Amino acid sequence: REEEAKTAGIDKSAYRDVWVYIEMNEGQLRNVGLELLGEGRKLAEAMGQRLCGVLIGDNVEPVAKEAFAAGADAVYLVEGPEYAHYSPDAFTIACTDLIKTYKPSVFLLGATNDGRDLGPRVACRVETGLTADCTGLGIDEQTGLVAWTRPAFGGNIMATILCPEHRPQMGTVRPKVFKKPQPDYSRSGELIRVASKVRPTDIRTKLVDVIKVCTASCNLEEAEIIVSGGRGMCKPENFVLIEELADALGGAVGASRAAVDAGWKPALHQVGQTGKTVGPKIYFACGISGAIQHLAGMSSSDIVIAINKDADAPIFKVADYGIVGDVMEVLPILTEEFRKL
Ligand code: FAD
């Protein structure tokens, strides 16, 4: 790649601005776009460049004001019925065209299902690299490049990755790694409408139906309260205690990998390094020991409440409140008390 870049003579100075892909889901703005705008603002200011949002959808223009309120100086808007749902072909063409025309220096996407699909497709077409699944962003002091941080070698090291030769510097970032900025609705910015270049023949896949397997109880990334169970729940039937407490609190249900591997909960509930990264206001860890790989997914929770019968369990080191006891006894009492509120 380095050699190719030199021979291709990429003029890096032609690439400016920090871009954030503002992901929509069924017409709704996903929080990850706002989280990345908040963090992108810091990068843009450190680089002395503008922060721009990329908004693609059908009738999504009203969302631009949310992007401005979250810190965007400009929003590139591509609209059309072909963008009503995420389509790999249509969205790849739109993003690739925007990058080739306007040349951003940095392009951030959420490490969501859509972002993980779209990011690599676009990176490949614009001939740059992509750092996937980042958990940290910063500026490398020596080079001024974006320093992308992500776990590597099974989570044993945190790797910092730079993209010196190609542009844009691209990466996907896990949802909930950064907090959403406080919106400032007095802010406004430049709305740049870009005509869609997608032709009907470009779209090779057709959305036939949407079958929802994920209800509120597994929408972990957006949840403000999560009740998670681990191997200490002892058997799958006992997860009903977790579900009841989550239900009483209007929260989502999480699980450790041990509980998922045992088949007690589907993988989409898994929290941790190889599961989801979450950042709720309150995280209950029930019968979870607190292995480093689990903590990697929940340590940015505001308040952690741990229930474990082993007073020396490592989870108590990160817990704000700890209950040493049997989950089978403690959980029903908590549920009953919260239901009274
Ligand atoms: P355990 O470690 O077995 O802990 C069970 C806990 O329950 C114990 O502390 C015990 O005291 C307590 N307990 C038992 N009975 C009761 C009771 N009746 N009442 C109260 N407490 C009780 N793990 C993840 O969670 N997410 C990941 O994404 C993840 N990714 C990984 C990636 C890699 C590469 C590797 C190597 C591992 C990964 N793991 C992950 C696994 C991780 O290392 C741990 O094995 C796992 O988190 C343990 O799950 P646990 O805490 O439920 O089980």
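Visitor: Which strands does helix 6 lie across?

Guide: Helix 6 (residues 239–249) lies across strand 13 (225–229), strand 14 and strand 15, at about 175° to strand 13. Angles run from 0 to 180 degrees between N-to-C directions, with axes fitted to C-alpha atoms, for helices over the stretch in contact. Helices (H or I, at least four residues) and strands (E, at least two) are DSSP runs, numbered from the N terminus. This is a predicted model: local features need pLDDT of at least 70, side-chain atom pairs count only at pLDDT 80 or more, and totals for chains, interfaces and linings use all residues. Residues are numbered from 1 along each chain as its sequence is written, and side-chain values use heavy atoms, leaving out hydrogens and water.

Visitor: What makes strand 15 and strand 16 a pair?

Guide: Pairing takes at least two bridges found by DSSP, and 5 bridges join these parallel strands. Ala 285, for one, has Ala 306 in strand 16 as its bridge partner.

Visitor: Why is Val 327 called buried?

Guide: Buried means under 20% relative accessible area, exposed over 50%, partly exposed in between (1.4 Å probe, protein chains only). Val 327 has 4%, so it counts as buried. Leaving aside neighbours within four places in sequence, its contacts (heavy atoms within 4.5 Å) include Leu 241, Cys 286 and Ile 307.

Visitor: How do you know that the length of helix 2 agrees with what it should span?

Guide: The expected span is 1.5 Å times one less than the number of residues. For the 17 residues of helix 2 that gives 24 Å, and its end C-alpha atoms are 24 Å apart, so the two agree.
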